[in-house]
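The entries follow the order in which I looked things up.

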Amino acid sequence: MKNTLLANGHRIVYHGPRDTPKGIPLVLLHGFCEDSTLWAPVLPRLRGIPVIRIDLPGFGGSAPPLAPEMAVYADVVCAVLNELGIARCVLAGHSMGGYVALEFAAQHPERLAGLGLVHAHPFADTPERRENRRRGIQMVHARKKHLYVAQLFPGLFAPAFAQAHPKTVDALIRNGRRQPVAGIVAALKSMMNRADHTATLGTLPCPALFLLGQQDAIVPPAQALGAAALPRVADVHLLPDVGHMGMFEAPDRTAEILSGFWRFCSAK
Ligand code: MLT
């Protein structure tokens, strides 16, 4: 069910129950230039789990953030939990959604029963990555949003998958192009300036999930696997033949891993 709320006067859209769910919910955050529809391929396989999907500020139906800071995106997660009267959840984020989930974990560790990083890692941007994002901002401001988005998505998939599934890649490009310039620019600025969260993982009071793709060009597995050694309890999955988009490239396995992690965390 699609719901809306106002967080600091800004419209936020989320999908899920209207009232407090029974048990610990699984809250899913999408990545950059995407929205809650990202999770569609895994949803049928998560039946029986109270799932909440949030459109991050500036994407889907949600208004752009008050400021381009990860803390503002994390506040929105908090606003949705408060609205639904949820004390604790299992929070899982894909890529940029993982960065938001880490920021939330730093601020509200007591509200997490589990933290899921789906193709995400805790490290801050390298100077090279920041420069790429700066160039992205310039492009989008120069009315080249369509070109920017068209270049972005093919590289997120393992090459063989992208070649065999052009319609999947095209659908994500079309959806990415619908996202407003303000949302794209705010996300790029927030990712550029985000903090390193290795210490957050080191002191995490709940289990952490790492779902990684062996062919991920954005979150190289060697780097992310190092981070998997930080939490006290980690559930680590490295998927072969998968890039940055496990929910499309391996939906059954991705759903199975998410539901297994949710079951483990909510039984504790
Ligand atoms: C994402 O998919 O959210 C982004 O590619 C993450 C990033 O650029 O670091």
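Before sorting residues by class, I noted the scheme: Ala, Val, Leu, Ile, Met, Phe, Trp, Tyr, Cys and Pro count as nonpolar, Asp, Glu, Lys and Arg as charged, and the others, Gly among them, as polar. I also noted that the model is predicted.

Entry 1, the shell. I listed the residues around the ligand as G31, F32, S95, M96, Y99, R129, R133, M191, I218 and H244. By class, I found five nonpolar, three polar and two charged residues in this shell.

Which residues place a polar atom within 3.5 Å of a ligand oxygen? For F32, I found a polar backbone atom 2.8 Å from an oxygen atom of the ligand. For S95, an N or O atom of the side chain is 2.9 Å from a ligand oxygen. For H244, the corresponding side-chain distance to an oxygen atom of the ligand is 3.1 Å. I then looked up the cover: the ligand taken alone exposes 270 Å², and the protein buries 97% of that.

I found the ligand in the largest pocket.

The largest pocket holds about 460 Å³ of space. I recorded 21 lining residues, of which F32, R129, R133, Y148 and L152 are the closest to the pocket centre. The elements that contribute two or more residues to this lining are α3, α4 (145-152) and α7 (181-192). Which element gives the largest share of the lining? I found that α3 does, with six residues. By class, the lining comprises nine nonpolar, eight polar and four charged residues.

Terms used. Residues are numbered from 1 along each chain as its sequence is written. This is a predicted model: local features need pLDDT of at least 70, side-chain atom pairs count only at pLDDT 80 or more; totals for chains, interfaces and linings use all residues. Side-chain values use heavy atoms; hydrogens and water are left out. A residue is near a molecule or strand if one of its heavy atoms lies within 4 Å of it. A polar contact is a pair of N or O atoms within 3.5 Å; within protein, one must be able to donate a hydrogen and the other to accept it, and residues adjacent in sequence count only if both atoms are side-chain atoms. Accessible areas come from the Shrake-Rupley method with a 1.4 Å probe; for residues, only the protein chains shown count as cover. On a 1 Å grid over the protein atoms alone, a cavity is a set of points where a 1.4 Å probe fits but cannot get out, and a pocket is an open set with protein on both sides within 12 Å along at least five of seven lines; lining residues have an atom within 4 Å of a point. A molecule sits in a cavity or pocket if more than half of its atoms lie within 2 Å of its grid points. Grid points are joined across faces, edges and corners, and a volume is the space filled by probe spheres set on the points. Helices (H or I, at least four residues) and strands (E, at least two) are DSSP runs, numbered from the N terminus.
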